[in-house]
Amino acid sequence: MAKHTGKHSAKRSKAAGVAAFLVLLFSGFLLSTNLRVNRSVVVSNDTAELVEQRVKKVNSLRSEIDALSTRVNDLSKTLDSQNADGSQDSESAGNGTMLPAVEGPGLVVTLDDSPLWENMVDANGSSANINDYVVHQQDIEAVVNALWAGGAESMQIMDQRVLFNSAVRCSGNVLLLQGKKYSPPFKISAIGPVEGMRKALDDSEEVSIYKQYVSAFGLGWQVDEKPKLHFDATDALQQPLQYAKALENDKNGDSQEGK
């Protein structure tokens with residue numbers, strides 16, 4: 001019987017080594033590719049950081065909108081130059097995309113967080129009733145609604161005109177308005193009949209509730225009468241709302257859209 005020389009077993013060991021080497025090489029390639037992909041993707045669970053990114057994007061887009069709106073408004077004025085009076089409602093953009101500047105007597109209402117909230121924070125940085133010491137979204141909305149009810153003709157929150165599509169949002173004690181963030185104190189300015197707006201503030205049930213927290217928890221509340229307020233011209237963002245009209249019935253009972 002012939003003797004085994006061992007050459008066949010040596011070939012198997014060599015093949016196994018090559019296979020192992022290829023497996024390791026392929027695994028290293030996958031690992032390096034995964035690391036490169038992960039470095040190129042930024043994942044964040046920080047809500048504040050995400051909001052900040054969106055705010056920067058909104059500000060960038062708003063700058064472009066402002067530039068385009070100015071151009072459109074200039075062209076609209078040229079096209080409407082045949083209109084001699086050129087009159088516009090203070091909160092109407094007309095055929096353009098800009099609200100004109102307005103001024104007149106009015107009120108400035110200031111809401112602020114209580115200075116006592118710091119005393120309520122425990123060693124862990126939390127407080128069970130911290131919400132009692134800060135201004136909330138509904139507080140700002142209550143003042144805005146009362147001023148409109150009192151006959152306000154034009155309004156501004158902080159440095160922004162209040163438009164038909166303005167939405168007040170709060171994240172904690174930070175006010176979010178049309179892509180911008182504001183910290184207290186919050187100022188709401190309104191041009192219109194001073195006495196009527198004061199009365200509306202006094203008659204508002206929601207404002208009365210806020211005043212109870214002013215007395216109990218030290219929240220800020222101040223109403224100042226101004227003989228002259230000035231609101232700069234601003235981008236209207238969108239064209240004015242177009243309202244639907246009631247249908248008219250003809251003699252045959254068919255409905256026709258009113259013109």
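**Entry 1**

I began with Asp203 and Lys199, whose side chains meet in a salt bridge at 2.7 Å, N to O. By salt bridge I mean a side-chain nitrogen of Lys or Arg within 4 Å of a carboxyl oxygen of Asp or Glu. Both residues lie in helix α4, four residues apart, about one turn of the helix. Helices (H or I, at least four residues) and strands (E, at least two) are DSSP runs, numbered from the N terminus.

I noted for myself that this is a predicted model, where local features need pLDDT of at least 70 and side-chain atom pairs count only at pLDDT 80 or more, while totals for chains, interfaces and linings use all residues. Residues are numbered from 1 along each chain as its sequence is written, and side-chain values use heavy atoms, with hydrogens and water left out.

Are Asp203 and Lys199 buried or exposed? Asp203 is exposed, with a relative accessible area of 52%, and Lys199 counts as exposed at 52%. Here buried means under 20% relative accessible area, exposed over 50%, and partly exposed in between (1.4 Å probe, protein chains only).

**Entry 2: the other salt bridges**

How many salt bridges does the structure hold? I found three. One of them joins Asp202 to Lys211, with the closest N and O atoms 3.5 Å apart; Lys211 is partly exposed at 26%.

Lys228 forms a salt bridge with Glu103, and there the closest N and O atoms are 3.5 Å apart. This pair links distant parts of the chain, as Lys228 is in strand β9 and Glu103 in strand β2, 125 residues apart. Lys228 is exposed at 56%, whereas Glu103 is partly exposed at 47%.

**Entry 3: the sheet**

Next I looked up how the strands are arranged. Five strands form an open sheet in the order β4-β3-β8-β2-β9, with antiparallel pairing; two strands pair if DSSP finds at least two bridges between them. The edge strands, β4 (160-161) and β9 (220-231), each pair on one side only. Helix α4 (residues 194-203) packs on the sheet and touches β2, β8 and β9. A contact is a pair of heavy atoms within 4.5 Å.

Four bridges join β3 (residues 154-157) to β8 (residues 186-191).

**Entry 4: Val108**

Last, I visited Val108 in strand β2 (residues 102-112). Val108 is buried, with a relative accessible area of 8%. Leaving out residues up to four places away in sequence, Val108 touches several others, including Ile188, Val223 and Leu229.

Terms used
Axes are lines fitted to C-alpha atoms, for helices over the stretch in contact, and angles run from 0 to 180 degrees between N-to-C directions.
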